[in-house]
Amino acid sequence: MPSQTTRVAFMCMQNAGRSQILTAFAERERERRGLEDEVEIVTGGTHPADHVHEIVVEAMDEEGFDLAGRSPQAITTDELESCDYVATMGCSTLELDTSADVDVRDWALADPDGQDIDRVREIRDEIEEQVKMVPGQR
């Protein structure tokens, strides 16, 4: 009997930094743990940028991730309300329907945009640690 899919969303304003980093790490963990059929990952922004921040692409490349080909996407309230878990990055004014059964958590992560590479590495590493606490990723 197939298990229920856990739908997880990582969202921020531009979907060009933190949420892209988080999505990459979560996708890797999902694959490592064989949860591809059990965890669906959604990412997006309320005001998506034109491209992933170059400094983020550089920092993630150091960890073996190629984010250069990724494009920030818009995410709708309906999409978020269809999720089991939504992680915002500290920049959200997200207001979901209170009847939606969604666990929303604000991770209050620093924005890598405009930061130097050392600071972006720190943010990246903090995000990688957070992935370990995402429901369905254990």
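The model is predicted, so local features need pLDDT of at least 70 and side-chain atom pairs count only at pLDDT 80 or more, while totals for chains, interfaces and linings use all residues. Residues are numbered from 1 along each chain as its sequence is written, and side-chain values use heavy atoms, with hydrogens and water left out. Helices (H or I, at least four residues) and strands (E, at least two) are DSSP runs, numbered from the N terminus.

**The sheet**

- Four strands make an open sheet with parallel pairing, in the order β2-β1-β3-β4; two strands pair if DSSP finds at least two bridges between them.
- Strands of a sheet pair through backbone hydrogen bonds, either parallel or antiparallel.
- At the edges are β2 (39-45) and β4, each of which pairs on one side only.
- From one strand to the next, the twist averages 15°.
- Seven bridges join β1 and β2 in the parallel sense, and alanine 9 has valine 42 in β2 as its bridge partner.
- Helix α1 lies across β1 and β2 and runs at about 170° to β2. Axes are lines fitted to C-alpha atoms, for helices over the stretch in contact, and angles run from 0 to 180 degrees between N-to-C directions.

**Where α2 meets α4**

- The axes of α2 (residues 54-61) and α4 (residues 117-131) come within 10 Å and cross at roughly 65°.
- The crossing of α2 past α4 is right-handed, meaning that the near helix is turned clockwise from the far one by less than a right angle.
- On the α2 side, Ile55, Val56, Glu58, Ala59 and Met60 meet Ile117, Val120 and Arg124 of α4, where contact means heavy atoms within 4.5 Å.
- The residues of this contact comprise six nonpolar, no polar and two charged. Here Ala, Val, Leu, Ile, Met, Phe, Trp, Tyr, Cys and Pro count as nonpolar, Asp, Glu, Lys and Arg as charged, and the others, Gly among them, as polar.
- Within α2, Ile55, Val56, Val57, Ala59 and Met60 are buried (under 20% relative accessible area; exposed is over 50% and partly exposed in between, with a 1.4 Å probe and protein chains only).
- The cover over the buried residues of α2 includes α1 and α4.

**Aromatic pairs**

- The whole structure holds two aromatic pairs. Rings of Phe, Tyr and Trp (its six-membered ring) pair if their centres lie within 6.5 Å; planes under 30 degrees apart count as stacked, over 60 as edge-to-face and the rest as tilted.
- Phenylalanine 10 and tryptophan 107 make a tilted pair, 6.3 Å centre to centre with 50° between the planes.
- This pair links phenylalanine 10 in β1 (residues 6-12) with tryptophan 107 in the loop between β4 (103-106) and α4, 97 residues apart; both residues are buried.
- Phenylalanine 25 and phenylalanine 65 form an edge-to-face pair, because their ring centres are 5.1 Å apart and their planes lie at 80°.
- Phenylalanine 25 belongs to α1 (residues 18-32) and phenylalanine 65 to the loop between α2 and α3 (77-81), 40 residues apart; both are buried.

**Positive phi angles**

- Most residues other than glycine have a negative phi.
- Asparagine 15, in the loop between β1 and α1, has a positive phi near 55°. Its relative accessibility is 0%, so asparagine 15 counts as buried.
- Alanine 108, in the loop between β4 and α4, has a positive phi near 45°. Alanine 108 is exposed, with a relative accessible area of 57%.
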